[in-house]
Each structure stands twice: as C-alpha cells, then as structure tokens.
Amino acid sequence: MDETEFWQIIDATREEAEGDPEEQADLLVERLTRLDPDSVLDYARHFEARYNRAYLWDLWGAAAVLFDGAGDETFDSFRCWLIGQGREVYEGAVHDPDALAELLGDFDMEIDGDGEEIGFAADEAYERLTGAETPDLGIPVPGGEPLGTPFDLADDDTLASRFPRLWERFGAG
C-alpha cells in the first residue's frame with residue numbers, strides 16, 4: 001500500500017461516516033478486513049508514521065485551543081483524529097497548526113477531535129484477520145518531549161499569541 005492508497009482509505013471512510021470519528025473507525029476496520037494482513041500492516045505503518053510526525057508542541061497547542069486544554073491522552077486522540085481528517089487537513093495542520101482555523105468547519109469538542117478508535121482500527125482489523133496481535137511495525141516511537149519549542153499549554157495569552165486565527169475562532173473568551 002502506498003501513501004496515496006492510505007489517504008484514499010482515510011478519505012473514503014471519513015466521507016461515508018459524514019465526519020463522525022466513531023463511525024469512521026468502524027468503517028476503517030471493515031475496509032481493512034477486506035485486505036490481506038500485509039496490506040493492513042502497511043496501512044498501520046503509514047498511520048503510525050503520521051501519528052509520530054504530528055508529535056509537535058505547536059500542534060499540541062492548537063489542540064489546547066480547540067479543547068480549552070489538552071492533556072496527554074487528549075493530544076494522542078487528537079492526532080489520530082487529525083489523520084482521519086485526510087491529507088489536506090493533516091498536512092496543513094502539521095505545517096501550520098494555526099491554519100486549522102481555516103481548515104476545519106465547525107468543531108464540536110464532544111464529537112470532533114476524539115480519534116482514539118481511529119488509531120486502533122488497523123490493530124483490530126489485523127487481529128480479526130489473523131487472530132494475532134499486530135507485530136512491531138519497526139517504526140521508532142518518539143521519545144520524550146514533542147518536537148519544537150515548549151511553552152505553557154495552559155496560558156491563554158501564550159495560546160492566543162501563538163495561534164491568533166485559531167484563538168479568534170475557537171479560543172476561550
């Protein structure tokens with residue numbers, strides 16, 4: 001599976017789910033179980049590489065604006081959800097997290113941003129196909145701190161100045 005095929009699966013399931021991340025996760029599992037196990041592992045590698053690439057301080061700050069605060073679990077789930085939004089939104093956000101102000105339509109923090117199940121779709125599909133857990137994908141896990149310059153994720157003034165467009169549209173106050 002190449003990168004184009006990976007994004008085609010993401011886009012097709014998001015569109016069919018009409019943006020509902022839980023429904024998208026179910027559709028991803030369904031779609032992936034139609035593939036052979038090696039293709040599921042290819043998909044998982046593409047997903048994991050993008051998940052790790054999004055481990056950025058600025059993206060965490062953008063999540064903090066959208067959720068009025070974002071701890072570790074929220075940020076992890078947000079990165080899965082972000083991948084589920086498709087290549088344009090994902091790449092735009094990784095390049096410029098403040099661009100999420102233009103890239104996102106409405107954002108309901110009760111539904112949107114929670115992509116934990118999207119992150120487990122390949123594991124579930126692989127287990128259904130093989131009866132075994134997903135093997136090590138051979139992708140290094142980022143260690144320690146996210147890439148970029150650390151800042152206080154709980155400081156509204158800092159968030160407003162780092163993400164002015166996002167703050168204006170989604171920020172507290």
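D68 sits in the loop between α4 (57-67) and α5 (72-84). This is a predicted model, in which local features need pLDDT of at least 70, side-chain atom pairs count only at pLDDT 80 or more, and totals for chains, interfaces and linings use all residues. Residues are numbered from 1 along each chain as its sequence is written, and side-chain values use heavy atoms, with hydrogens and water left out. The protein chain holds ten helices and zero strands. Helices (H or I, at least four residues) and strands (E, at least two) are DSSP runs, numbered from the N terminus.

**Overall build**

- Along the sequence, the pattern reads α-α-α-α-α-α-α-α-α-α.
- The radius of gyration of the protein chain is 16 Å, which agrees with the value near 16 Å for a compact globule of 173 residues. That radius is taken over C-alpha atoms, and the globule rule is 2.2 Å times the number of residues to the power 0.38.
- The C-alpha trace spans about 50 × 35 × 25 Å along its principal axes.
- Contact means heavy atoms within 4.5 Å. Among contacts with a separation of 6 or more, 73% join residues 24 or more positions apart.

**Surface and charge**

- Of the 173 residues, 45% count as buried. Buried means under 20% relative accessible area, exposed over 50%, and partly exposed in between (1.4 Å probe, protein chains only).
- The accessible surface of the protein chain comes to about 8900 Å². Carbon and sulfur atoms hold 44% of that surface. Areas come from the Shrake-Rupley method with a 1.4 Å probe; for residues, only the protein chains shown count as cover.
- The chain carries 12 positive and 44 negative side chains. Lys and Arg count as positive, Asp and Glu as negative; His and the chain ends are not counted.
- The centres of the two charge sets lie 7 Å apart. Each charge is placed at NZ of Lys, CZ of Arg, CG of Asp or CD of Glu.

**Q24, inside a helix**

- Q24 belongs to helix α2 (residues 21-32).
- Q24 counts as buried because its relative accessibility is 1%.
- A polar atom of the Q24 side chain lies 3.1 Å from the backbone oxygen of G84.
- Beyond its neighbours within four places in sequence, Q24 contacts I10, T13, R14, A17, G84 and I118.

**Two loop residues with positive phi**

- E18 lies in the loop between α1 (3-16) and α2. E18 is not a glycine, yet its phi is positive, about 55°. With a relative accessible area of 75%, E18 is exposed.
- D68 is not a glycine either, and its phi is positive at about 55°. D68 counts as exposed, at 55% relative accessibility.

Key. A polar contact is a pair of N or O atoms within 3.5 Å; within protein, one must be able to donate a hydrogen and the other to accept it, and residues adjacent in sequence count only if both atoms are side-chain atoms.
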